[in-house]
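Open the model in your viewer and keep the selection tool at hand. We will go stop by stop.

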Amino acid sequence: MSKSIEELKSLTTQIRRDILRMVHAVNSGHPGGSLGCTEYFTALYGKVMNYHLPFTMEGKNEDHFYLSNGHISPVFYSTLARFDFFPVEELSTFRKLDSRLQGHPTTHEGLPGVRIASGSLGQGLSVALGVAQGKKLDGDNSLVYSLHGDGELQEGQVWEAFMYAAAKKVDNIISTIDYNGQQIDGSTENVLSLGNLHAKLEAFGWTVLEEKNGNDLEAVIAILEKAKSETGKGKPVAIILHTEMGAGVDFMMGTHAWHGKAPNDEQLNTAFKQLYLEGAADY
């Protein structure tokens, strides 16, 4: 059943609450990037992507999503649960022994919605391109979506994949870069500047779209829909999505400090006050 924009906006708040609850419970995980990408995931699964349940690994005649920067697993897991891939209550097992919800997504636990193991940065685009080409060979007109961190673009394999995608005219893929300007050791500008990323991607032969308001749900839906309209034209499509690390929680924003740090009890309570949701369905 399709959800309204208001329902999806409420869901982004619920997902943010889930993210914080998960990492707090085990004092481990990556809340910053997860909070920043909440609108992207809600837009993708709530409005844009064509997929079917129950989940199958093959996913023939449906769109696929591949998370390359696997450390933001909390937002991925919460989104999957909130869109009925698996029970919401299972979020309470995050990063625990024998859980299907490992710190980085893996496939051998059989968690619905996860098609590749990710976390070793730089590999997701190569996988997504292989799947996109496979769909073409199968006569499957569905799309492949992938998500990447801006710091992840410092990996050389990503640029090999950018080059390959354009050379082979893989035009059924939409790859989004979470451009929050932060990574584990500091700002991306200080660690290793990406320079003019828009120009670089265009020089590599991609159609490049850019959205400055990556934490505005309606803007994210609109840029993803625009990207869909650019597929099938002989060029891969990239979205540079400007987000705020830690979005929704004021003391987590504007810094790399919360890349991989869990809130304590007091910080969690403060964050929940900022993420108040009437009728919250916390697990």
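Select Tyr45 and show its neighbours in this predicted model. Leaving aside residues up to four places away in sequence, Tyr45 touches Tyr51, Phe65, Phe76, Thr79, Leu80, Phe83 and Phe85.

Now widen the view. Tyr45 is among the residues with the most contacts inside the largest nonpolar core. In soluble globular proteins, nonpolar side chains tend to be buried together.

Next, hide the side chains and look at the strands. Five of them form an open sheet, in the order S1-S2-S3-S7-S6. The pairing is parallel. Find the edges: S1 and S6 each pair on one side only. Neighbouring strands of this sheet are turned by 20° against each other on average, ignoring direction.

Bring the helices back. H3 packs on the sheet and touches S1, S2, S3 and S7. The direction of H3 makes about 175° with that of S2. Then pick H5, residues 124-137. H5 lies across S1, S2 and S3 and runs at about 170° to S2.

Now zoom in on S7, residues 237-242. Is this strand enclosed or open? Six of its six residues are buried, so S7 is largely enclosed by the rest of the structure. Check both faces. Val237, Ile239 and Leu241 are buried on one side, and Ala238, Ile240 and His242 are buried on the other.

Look at the two partners of S7. S3, residues 173-179, pairs with S7 in the parallel sense over six bridges. Select Ser175 to see it standing opposite Ala238. S6, residues 207-211, runs parallel to S7 and is joined to it by five bridges. Thr207 has Val237 as its bridge partner, while Glu210 stands opposite Ile240.

For the last stop, trace the chain from S6 to S7. On the way comes H9, residues 217-230. Together, S6, H9 and S7 make a right-handed β-α-β unit.

How values were computed: Residues numbered from 1 in each chain as written. Predicted model: local features only at pLDDT ≥ 70, side-chain atom pairs only at ≥ 80, totals over all residues. Heavy atoms only, no water. Buried < 20%, exposed > 50% of the residue type's maximum accessible area, 1.4 Å probe, protein only. Helix = DSSP H or I, 4+ residues; strand = E, 2+ residues; numbered from the N terminus. Pairing = 2+ DSSP bridges. Right-handed = clockwise from strand over helix to strand, strands pointing away. Core = buried A, V, L, I, M, F, W, Y, C linked by side-chain atoms within 4.5 Å. Contact = heavy atoms within 4.5 Å. Axes fitted to C-alpha atoms, helices over the stretch in contact; angles between N-to-C directions.
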